[in-house]
Amino acid sequence: MAELVQYVATGLLVGGVYALMSIGLALIFGVMRVVNFAQGDFMMLGMYLTYFYAISGRVDPLLGALLSIPPFFVLGWLVHRGILARVTGGDPARQHDAQLIVTLGLSLVITNATTMILTPTPRGIPTSYATQAFAVGPVLLNQARSYAFAMALVLAAAVYLFLTRTDVGKALRAAADDPEAAGYQGIDVRAMHALAFGTGIALVAAAGGLLATYYPIEPTVAGNFIVLMFVAVVLGGLGSIPGAFVGGLVIGLVQSLTLLVLPFQLQNTGVFIAFLLVLYLRPQGLFGRRLRAV
Amino acid sequence: MPSRSRGWLAVGAVLAAGLVLAFLIDERYHHRVLTLVFLWATMGLAWNIISGYAGQISFGHQVFFGIGAYVTVLLVVKAGLTPWIGMGVAVAAAVLAAVLIGLPTFRLAGIYFGLATLAYPLIFRIVMDWLGYQEVAIPMKRDDPGWFMQFTEPRSFVLLALGVLGATLVLSRAIETSRLGYRLRAIRENEQAAEAMGVNAFRGKMAAYMLSATPAAVAGAVYIHAILFIVTPDAVFGLLVISQTLVVCMVGGTGTLWGPLIGAALMVPVSEILDSTVGDRLPGIQGVVYGAALVVITLYAPEGLYWRVRHALRARADRAAAVGRPPILAPADEDGARPGAGPVLLEVRGVSKAFLGLQALSEVSFEVREREILGVIGPNGAGKTTLFNVLNGFLGPEAGEVRLLGEAVTGLRPSECCRRGMGRTFQVVRTFPRFTVLENVMVGGFVRERRVGRVRELALAALAQVGMAERADALPGGLTTLELRLMELARCLATSPRVVLLDEPLAGLSADGVDVMIAMIRRVRNAGITVVIIEHTMQALLRLADRLVVLDQGRRLAEGPPGEVTRQPAVIEAYLGKRWLARAGSPS
C-alpha cells in the first residue's frame, strides 16, 4: 500500500511538469490548429538556457526557468512570423500536412544544430535539492520534483487566469473558437496566433527549465518528451487547456504505475498504449467535443 | 493509349539509366551513394502509396522498414536462414503488421491518424531494447557470401537496390494506372464523395497500407545488408528514417512515382557529400540539411518539384490552346406523359435519428416507387439532409429500417449502398479537386467496371448525357455552379444507379440553370432511373415531382401528389405560410 502511494506521489510530481509542457502545446493547437512537432525541441532549448543561467550567472534553475519565459516568447513570436504564419490561416484540412511537416523540419534543425554546436554530451545542473527528499509519513518526495511541481502549478494557474480573466485572454479564446467571427469583431487573429505561439513556446521552455533540475540535458532529449506531450494533449481533448493539464498528470501517473507491472525499460509502453487506447476509444479526448463527422 | 505506354517507357528509361550509372561508376564510395539513392527512393515510393496516393499521412512508416531489417537479420542470426528467403518472411511480417496496425488506426481520420502512427515505431524501439536487441550484427558467412547477401563487389549492392527500386516503380505505376489508383486518390481528394461513389474507403486504405509495407520492409532488409551491417533500434525505427523518407517525397512531390525518385536523386547525394566531408566535425549536419529542406520546400514549393515543373509546363500549353468553348445547350424538354409509377423500390420505415438530444428524424416512413420523381421538402432544419445521410449509409439510424429492392440496407457503408444502386449528390458539390471532370466521373464508373479504358468511355458517355463532354479535361475549380452540379450528376449516373438522391440540385443556379437542371432530371427519370430530390423552393418541385414528402422538425408531415399536399393546412402552416394559402385559394 505504501509502495502504491509512493508511486502515485512520484507520478503526480512528474506529471505536474508534463502538464505545464502540454499546456503550451494545447494552447498552440487550440488557437492555431497546429500540431507542433518542434515543441519538445523548444523545451530542450529551455533546458539549455536554464543551464547556462545556472553555470554562468549562478542563477538557481527554478528562477532560471522563469527567466527563460521572455526570451522564448520572443523566439516563438519570431518563428511564427517567419515560418508558421505562412502555413496557417487558410483551409485547415489542406494545411495540416504542411504544418506537421514544417514543424518536423524545424525539430530536426533544432536538435541537430544543437548537437553540432553544443556537442551530444549530457549535462546537468548541480543543485542542493536534487538529491534531497521531503518525508511525508512513509512517502518520500524528491525536493527538486516537488519544487518543479509547485512552480508548474503556479504557472498553469497564471495561464488559466490570463485566458479567462483578461481581455487579451478572452480575445485569444475567441480567435480559437471561430477565427472568422473573431476577425469581424475587430480581433487581429494573426496577432493572436503569434501571441499563442509565443506563449506556448515560453511555457514549454519554462517546463524545460524545471525539468532541468532533475533530468539530464542533452540535444536529443526532445524525443523522450514530445510523444508524452502529444499523449497528454490528445488525452485531454486536442486544444483544451484544462484537459491538457489533467492529461499531463495522468501521463505521469501512468508512467509511474507502469513500473509496478512492467520492467523499467518498458516504462513508456504504458504511455503509448494509453495513447492508442484514447485515440481509438475517445479520439475527442476526455474533455474535448467530438468534431462533426460528415 | 499513348500516354500510358509512355509512362512505362519512362520507368524503363530510369532503370536503364541506373544500370548504365552502376557500370560507369568505379569508386566504392560512389557505389554506396548510388545504393542509398535507390533505397531511399524505394522507401519514398513505399510511403507515397499510403500517404501520397491515399492521402493518409503516416509518420510511422519506418515501422515496416525496421521490421524488414530486424526479421531478416534475426533469421540469419538465430536460424541461419538466407536473407533472400528471410526477406520474404520479413515482408509477410510487415504486411501482417500493416493489417494489425491498420485495423484500429484507420478508424481515425486526418491528423489523428498521423499522430497514432507516430507511436508504433516508438513501441517497437522500446520492445527491441527490452528484448536485448540493441545491436544485432550480421554474422560473417565466408563460405557462401552471395547466398547470404554479403557481396564483396559493391556493384552487386547497387544492382540489388536497383532491382528493388525497379520492382517498386512497377508496383507504383501499376497502382497509378489501375482502378485502385483512381480510388485511392479519390479517397485523398474527398473521402465522403468517394464513399458515396462506391469506394470502400476503409478497404482502399488497408490495401494501400499493405502494399506500401512491402517495399518498405525490403528496403529495410537490403539497407542493413548493404550499408549498416549492424541493426539497432534507433537506426531503423528512429525519427531520422521517417525524416529522410519525408524529405525525399516532399522535395520531389507526392502522389506520383516521379516525386520520390527526383527527391532521392537530389537530396541523398547532397546529404552524403556533406556527411563525408564535414560530418565528423559537425555531427548533426545531415539532420540540419534535411530539416531545413523540409521547411524551405513546404514554404516555397509545398507541392514538390515534380508538380511545380509540370504545372508550369501545363499552364503554358493551356494558354496556347485556350479557345472559346461553346456554352452548354439546354436539352430539349422531354417532359411528355409522366410514366406510371412502378413497384416499390425504396422503403423507409420508422427511421429515427438524434444528435445530442436534438431529434433530427423521428419515425419517418415513406416509399419510393420505381421511375417516379419524389420530392422531399421542408423548412431549414427539417431533417432533409439527415434523411439522405441515413438512406445512403453516412449515418446509422437509432431505429427503423431502409430497404432497397426488398433488401435491408440499414447500417451498410455508403459505398455498399452505392454498389447496390443508390446514387447521391451533395448539397454543397463535393468534387475531387485535383481530378479533371472526366476523372471525377470515372470514379463513379469503377463501381461496375474494373478496366480503366472501358470506364473512361463510360464516363465520357455520362458526361455527354448531361451536355458536359466539352469540359471533360477541365478541373473542377474552373467550372460554374451549374457545370459543377451537372458533373456531380454525371458522376452519380456513371455508377449505373437504380435510384439517385439529389440534395438541393437547384441551389445557387440562375433561372436558366434551373431550367437546364430540371430538364436534366426529367431525362434521368425518363431513362428509367428513380429520383428522390430535396428542394427548398416549392415552385421548382411542383414542376418536377410526381409526389412530395413534407418533413418538419424531423417528422413526416404529409405525403402525396403535389396538388394535394400543398392544400393540407398543416403543410401550409409549417412551410408555405399564409400568403400561399391566399394565393392557392384564389382561382387561377
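In chain B, four strands make up an open, antiparallel sheet with the order S4-S3-S6-S7. The model is a predicted one, in which local features need pLDDT of at least 70 and side-chain atom pairs count only at pLDDT 80 or more, while totals for chains, interfaces and linings use all residues. Residues are numbered from 1 along each chain as its sequence is written, and chains are lettered from A and ligands numbered from 1 in the order in which they are written. Helices (H or I, at least four residues) and strands (E, at least two) are DSSP runs numbered from the N terminus. Two strands pair if DSSP finds at least two bridges between them.

**The sheet of chain B**

- Strand S4 (358-369) and strand S7 (407-408) of chain B are the edge strands, each pairing on one side only.
- Helix H15 (residues 384-391) of chain B packs on the sheet and touches strand S3 (344-355), S4 and S6 of chain B. Touching rests on contact, which requires the C-beta atoms of two residues, placed from the backbone, to lie within 7 Å.
- The direction of H15(B) makes about 65 degrees with that of S4(B). Such angles run from 0 to 180 degrees between N-to-C directions, and axes are lines fitted to C-alpha atoms, for helices over the stretch in contact.
- Eight bridges join S3(B) and S4(B) in the antiparallel sense, and Lys353(B) stands opposite Leu361(B) in S4(B).
- S3(B) and S4(B) also form a hairpin with two residues between them, where Leu356(B) in the turn has a positive phi of about 45 degrees.
- S3(B) pairs with S6(B) over five bridges, again antiparallel; here Glu347(B) stands opposite Arg403(B) in S6(B).
- Strand S6 (residues 399-404) of chain B is antiparallel to S7(B), with two bridges between them. Arg403(B) stands opposite Ala408(B) in S7(B).

**Chain B as a whole**

- Chain B has 24 helices and twelve strands.
- Its C-alpha trace spans about 100 × 55 × 40 Å along the principal axes.
- Of the 588 residues in chain B, 51% are buried. A residue is buried if 20 or more other C-beta atoms, placed from the backbone, lie within 10 Å of its own, exposed if 12 or fewer, and partly exposed in between.
- Among contacts in chain B between residues at least 6 apart in sequence, 73% join residues at least 24 apart.

**Where chains A and B meet**

- Chain B contributes 38 residues to the contact and chain A contributes 38 residues.
- Helix H5 (110-130), helix H11 (239-252) and helix H13 (285-300) of chain B each supply at least two residues of the side that touches chain A. H5(B) gives the most, with 13 residues.
- By class, that side of chain B has 27 nonpolar, nine polar and two charged residues. Ala, Val, Leu, Ile, Met, Phe, Trp, Tyr, Cys and Pro count as nonpolar, Asp, Glu, Lys and Arg as charged, and the others, Gly among them, as polar.

**Helix pairs**

- In chain A, helix H2 (residues 39-57) and helix H9 (residues 189-211) pack at an angle of about 50 degrees with their axes 7 Å apart. H2(A) is therefore oblique to H9(A). Angles under 35 degrees count as roughly parallel, over 145 as roughly antiparallel, 65 to 115 as roughly perpendicular and the rest as oblique.
- H2(A) and H9(A) cross in the right-handed sense. A crossing is right-handed if the near helix is turned clockwise from the far one by less than a right angle, and left-handed if anticlockwise.
- Residues of the contact include Phe42(A) and Met43(A) of H2(A) and Ile201(A) and Val204(A) of H9(A). The contact residues divide into twelve nonpolar, five polar and no charged.
- In chain B, the axes of helix H3 (residues 62-79) and helix H9 (residues 201-228) come within 7 Å and cross at roughly 50 degrees, which makes H3(B) oblique to H9(B).
- The crossing of H3(B) and H9(B) is right-handed. Among the residues in contact are Phe64(B) and Phe65(B) of H3(B) and Tyr223(B) and Ile224(B) of H9(B).

**Two local details**

- Strand S1 (residues 133-136) and strand S2 (residues 139-142) of chain A pair in the antiparallel sense over four bridges. In their hairpin, Gly137(A) takes a positive phi near 60 degrees.
- Gly508(B) lies in the loop between strand S9 (499-503) and helix H20 (511-526) of chain B. Gly508(B) counts as partly exposed because 16 C-beta neighbours lie inside 10 Å.
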